[in-house]
Structures are given as C-alpha cells and as structure tokens.
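Morning, everyone. Please bring up the structure on your screens. I will start inside one chain and then move to the interface.

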Protein chains: 2
Amino acid sequence: MLSVIVLGTGNLAHHLSQVFYSCPDLDLIQVYGRNKDNLKPYQVYAPTCSEPLKIKDADVYIIAVKDNAIRTVSQLVADKKGMVVHTSGAMEMKSIAHENSGVFYPLQTFSKERALNFNTIPVCIEAKQQKGLEVLEKLGASISKRVHHIDSEQRKKLHLAAVFVNNFTNYLYSVGEDICEKEKLPFDLLRPLILETAEKVQGMSTFRAQTGPARRGDSKSVEKHLELLEQSQEQILYKLLSEAIKTRYEEKL
Amino acid sequence: MLSVIVLGTGNLAHHLSQVFYSCPDLDLIQVYGRNKDNLKPYQVYAPTCSEPLKIKDADVYIIAVKDNAIRTVSQLVADKKGMVVHTSGAMEMKSIAHENSGVFYPLQTFSKERALNFNTIPVCIEAKQQKGLEVLEKLGASISKRVHHIDSEQRKKLHLAAVFVNNFTNYLYSVGEDICEKEKLPFDLLRPLILETAEKVQGMSTFRAQTGPARRGDSKSVEKHLELLEQSQEQILYKLLSEAIKTRYEEKL
C-alpha cells in the first residue's frame with residue numbers, strides 16, 4: 001500500500017486529502033501545513049503536523065501549495081527517500097530539488113465548497129525516474145480512471161489552455177451577469193444556457209458547436225450588439241471575439 | 001386546449017414541434033415550411049403544409065425562422081385571428097405586422113442532435129395585448145416552469161448577454177481545443193474542466209467563482225503565458241481578458 005503525505009492546506013490540498021483518505025489502496029499518513037489553525041479541518045483525514053522536522057517518512061510527498069512556494073516546501077523534504085511531487089500546471093518538474101521528483105497535476109478547478117468526483121478528473125503525471133513514474137501511475141489509478149503522461153512543456157500548454165476554457169470563460173459569464181444586473185434581470189435566466197454550452201462540447205467538437213451572429217456572418221446583428229455596448233471594454237472584447245470567430249470559419253470552410 | 005401552428009423548419013422549430021406535440025395541454029395542429037423536403041421529419045408531430053393559403057386557423061402561430069425572414073413569414077398569417085409570435089432574442093415585437101403580436105423566446109442554444117428538457121428552459125414572453133400575454137403565459141407554462149415577462153429592450157440585452165456566455169464561451173473552448181491539437185493532446189483532457197466551470201456558477205456568483213493568474217494578480221504567470229502564445233490573435237485576447245479580470249477585482253475589492 002502506498003503511503004502518502006500531503007503538504008499544503010489550500011483548496012487542492014483539501015480535495016486531495018479527502019480522496020486519499022477515502023481510497024482503500026492508499027494510506028494518508030500525515031498532512032503538513034505551516035499554520036496550525038489551517039490544519040484543523042484535516043484532522044479527520046490524518047494526523048497533522050506543522051513542524052518540518054516532524055514530517056514522517058512516506059512513499060510520496062504531495063506538495064499542494066502556491067506556485068511560488070513549491071521550491072521552499074520541497075526543501076523541507078529534500079532528505080527524504082520517498083518521491084516528492086508538486087501539483088501545479090504551470091511549474092516545471094525541476095522546480096523541485098529532489099532526485100526522485102515528479103508532478104501530479106489533476107486538471108480541474110477546485111473550490112472548497114464543491115464536492116468533486118475524482119474518478120473522471122484527468123491526472124497528468126511526470127517523473128524524473130522510471131520507478132517514480134510507476135509510483136505515480138499507481139497513485140493516479142487509485143483515484144482516477146484517467147491518468148496521462150504529460151511532460152513539463154506539454155503541461156505548460158495544457159495549463160494555458162485551461163486558463164482559456166476555465167478562467168476566461170468564467171469572465172465571459174460575469175459579463176453576462178453584469179448585463180443582467182444592469183437590466184434588473186435575474187442571472188438565473190442565463191444559467192441553463194451556460195450549462196448547455198458546456199454539455200454540448202462534451203461529445204462534440206467546438207468547431208461544430210459554434211453558433212451565433214459572428215458564426216453566421218450576420219454583420220447586422222453584430223453591429224446592433226456593438227451599439228448596445230457603447231464605448232466599453234466589453235465592446236472591444238465583443239469585436240475581437242467576433243472577428244476571431246469570423247476568421248476561424250472563413251479559414252476552415 | 002390551445003391550438004398551435006409552428007412556422008419554420010430549423011433547429012428551434014424542431015424542438016418546439018417536439019415539445020408541443022408531447023404536451024397534453026396543447027394541440028399542435030400544423031407545421032408550415034416553404035420546402036417540402038425539410039418538412040418530412042415533422043410529419044410525426046403534426047400535418048405539414050407548404051402552401052401559405054392552406055395554413056389552418058389556430059390560437060397561436062409560432063414563427064421560428066431566421067431573424068431576417070420573420071416579417072415575411074408573419075405576412076402569411078396577417079389575416080388570421082390567432083396570435084402571431086416570433087421566437088427571436090434579437091428582434092423587436094413590432095417586426096411582426098399583426099394586431100395580436102407577441103414574442104415567445106426560449107433562452108437556450110438549440111441543435112438538432114441534442115435532446116433538451118424544456119422544463120428548466122427560461123421562456124421570455126411579451127405581447128402587444130393583455131389577452132395575448134395571458135395566452136403566452138398559458139403556452140409557456142405548459143412546457144416550462146420558468147416563464148418570464150421580458151420586454152423588447154430587455155430581451156435585446158439578454159440576447160447580447162447570451163452571445164457572451166454561449167457563443168464567445170464556445171470560442172474560448174475552441175482556443176483550448178486548438179492548443180491541445182498543436183500539442184497532440186486529446187481535448188478530452190479539458191472537457192471535465194469545461195463542465196465543472198459551468199456547473200460551478202449554477203449556484204455561485206461569477207465574481208466568487210473566478211480563479212486563475214489574472215484574478216490572483218500573478219503577473220509572472222500571465223507574462224509566461226503571453227510568451228507561450230507568441231504574436232497571435234490569442235495573445236491579444238489573453239491580454240485583454242487578463243486586464244479585464246484584473247480591473248474587475250481591483251474595482252470591487
């Protein structure tokens with residue numbers, strides 16, 4: 001059975017501790033965090049620890065902290081025999097100073113208030129040593145059906161893609177919410193559309209799923225919308241996205 | 001029982017015919033379309049008709065055609081006693097030349113290959129006459145739990161908001177798909193993230209749901225991503241969206 005220690009107390013650390021704890025193939029033996037108060041919720045999953053010198057021995061150390069803290073935290077377990085991995089989409093594997101380093105990156109957006117089923121979350125793994133890769137394969141397979149070998153260069157691009165489909169998409173939702181607010185309309189009017197837009201591409205290419213004035217080349221509707229937006233950042237965004245959609249379909253059709 | 005005739009053979013006409021047909025409170029008595037071939041799939045729902053003079057009498061005529069054809073099609077039923085409504089988010093009610101006109105706008109994205117549950121789809125109604133509004137309330141309530149009175153000005157804004165959360169969001173998905181393709185990675189890696197992003201805002205404000213480098217003010221990650229994108233339309237888009245997110249959180253926090 002693999003023994004695991006989670007280092008960190010953020011959203012991802014929380015979800016990982018929960019899933020490792022509930023997985024019969026794994027032994028979550030400790031959760032480490034600098035701040036004792038932040039560690040309290042973790043006591044249900046494993047013994048907690050806030051003193052670097054008391055970190056136990058384990059097969060895998062999972063560093064789930066902010067990108068700029070990864071190196072520092074990895075130094076706390078530099079002398080351990082177990083594997084040391086980070087969970088970041090953006091950071092290279094070499095940001096961990098350990099001979100048996102790796103990356104264990106679950107590609108999902110995590111917030112404490114949302115329960116998630118890890119089973120369908122893609123886990124992207126990378127390891128410096130072959131034996132490390134095998135350990136991560138095992139660890140990944142014990143929580144998810146979708147484990148992928150992804151190197152640092154690919155992962156950077158994947159993380160960039162994730163920013164587009166997650167962070168920027170949420171910003172577009174917020175533009176919709178703002179428009180509703182200004183018109184004193186409930187955002188609930190748009191929520192089913194938001195969900196269907198995401199569900200549609202689960203089994204379809206985005207190319208096929210695209211609709212709307214710009215896709216149809218309906219420049220009259222585009223003009224009307226630009227007028228409604230007046231001079232604003234949203235108007236610039238509307239123009240840019242409509243042009244991009246137009247170009248995409250001119251190119252490929 | 002309300003008798004209904006659908007005019008049009010596009011995606012929305014298809015979904016509406018299907019739901020009207022299956023609704024016990026409604027009588028779909030005819031589907032009209034110019035092109036006989038396009039009408040064939042509708043024969044399972046109701047008698048079809050391609051000759052304007054043979055359009056029957058009904059309580060409500062639902063025009064589900066392209067925006068620029070609404071006026072022309074409405075003229076085919078100008079002499080009818082029943083109510084005449086269009087289904088467009090972008091067109092004003094007055095684009096229908098009839099004394100008992102109205103709008104019946106289901107706020108959703110429709111494609112033939114996807115089955116939809118109308119029950120949760122917001123239906124936005126507007127009518128020239130009070131008695132017409134009552135008819136549309138009844139019609140709306142027979143297929144959906146969410147019927148809203150929305151006037152032409154509000155509906156235009158709502159349609160604009162829908163373009164942001166639906167059409168533009170799908171475009172962002174396509175940027176993600178492109179990045180995957182270039183890296184020879186399956187788009188499936190991003191699909192769970194896309195779905196979770198949409199599900200998250202079903203019970204949360206977009207303001208709260210926002211994450212990512214721009215939200216955190218992590219300008220180092222933003223710079224790295226801009227480098228990865230090199231000189232491209234995606235780079236301009238990344239810059240603009242990151243700036244917009246930054247501004248949003250500077251303003252409101």
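Start with two strands in chain A. Strand β7, residues 123–127, pairs with β8(A) in the parallel sense, over three bridges. Pick out A:Ile125. Which residue is the bridge partner of A:Ile125 in β8(A)? The partner is A:His149. Keep in mind that this is a predicted model.

Now zoom out to the sheet. How many strands form the open sheet of chain A? Eight strands form it. Read the order with me: β3-β2-β1-β4-β5-β6-β7-β8. The pairing is mixed. Look at the two ends of that order. β3 (48–49) and β8 (147–149) of chain A stand at the edges. Each has a single partner strand, so one side of each is left without a neighbour in the sheet.

Next, the helices that lie across the sheet of chain A. Helix α1, residues 11–22, lies across β1, β2, β4 and β6 of chain A. Its direction is at about 150° to β2(A). Then find α5(A). That helix lies across β5, β6, β7 and β8 of chain A. α5(A) runs at about 25° to β6(A). Remember α5(A); I will come back to that helix.

Over to chain B. Here an open sheet of eight strands has the order β3-β2-β1-β4-β5-β6-β7-β8, with mixed pairing. Why is one side of β3 and of β8 in chain B left without a neighbour in the sheet? Both stand at the edges, each with a single partner strand, so one side has no neighbour. Inside the sheet, β5 (residues 83–86) and β6 (residues 101–106) of chain B pair in the parallel sense over three bridges. One place to look is B:Val85, whose bridge partner in β6(B) is B:Gly102.

Two helices to point at in chain B. Helix α4, residues 130–143, lies across β1, β2, β4, β5, β6, β7 and β8 of chain B. The angle of α4 to β7(B) is about 165°. Helix α5, residues 152–182, lies across β5, β6, β7 and β8 of chain B. This α5 runs at about 25° to β6(B).

Now the interface. The contact takes 91 residues from chain A and 91 residues from chain B. The area buried between the two chains is about 8800 Å². Carbon and sulfur atoms give 66% of that area. Which residues of chain A lose the most area to chain B? They are A:Phe164, A:Val165 and A:Leu189, together 8% of what that side buries.

On to charges. Side chains of opposite charge can pair when their charged atoms come close. Over all chains, the count comes to 28 salt bridges. Across the interface of chain A and chain B, there are ten salt bridges. Find A:Arg114. B:Glu196 forms a salt bridge with A:Arg114, with the closest N and O atoms 2.7 Å apart. B:Glu196 lies in helix α6 of chain B, and A:Arg114 in the loop between β6 and β7 of chain A, so the pair joins two chains. B:Glu199 also meets A:Arg114 in a salt bridge, at 3.9 Å, N to O.

Last, polar contacts. Between chain A and chain B, 36 residue pairs are in polar contact. On the side of chain A that touches chain B, the elements giving two or more residues are α5, α6, α7, α9 and α10. Here is α5(A) again: it gives the largest share, 26 residues. The residues of that side divide into 45 nonpolar, 26 polar and 20 charged.

How values were computed: Residues are numbered from 1 along each chain as its sequence is written. Chains are lettered from A and ligands numbered from 1 in the order in which they are written. This is a predicted model: local features need pLDDT of at least 70, side-chain atom pairs count only at pLDDT 80 or more; totals for chains, interfaces and linings use all residues. Side-chain values use heavy atoms; hydrogens and water are left out. Contact means heavy atoms within 4.5 Å. Buried area is the accessible area (1.4 Å probe) that two parts lose on being put together, summed over both. A salt bridge is a side-chain nitrogen of Lys or Arg within 4 Å of a carboxyl oxygen of Asp or Glu. A polar contact is a pair of N or O atoms within 3.5 Å; within protein, one must be able to donate a hydrogen and the other to accept it, and residues adjacent in sequence count only if both atoms are side-chain atoms. Helices (H or I, at least four residues) and strands (E, at least two) are DSSP runs, numbered from the N terminus. Ala, Val, Leu, Ile, Met, Phe, Trp, Tyr, Cys and Pro count as nonpolar, Asp, Glu, Lys and Arg as charged, and the others, Gly among them, as polar. Two strands pair if DSSP finds at least two bridges between them. Axes are lines fitted to C-alpha atoms, for helices over the stretch in contact, and angles run from 0 to 180 degrees between N-to-C directions.
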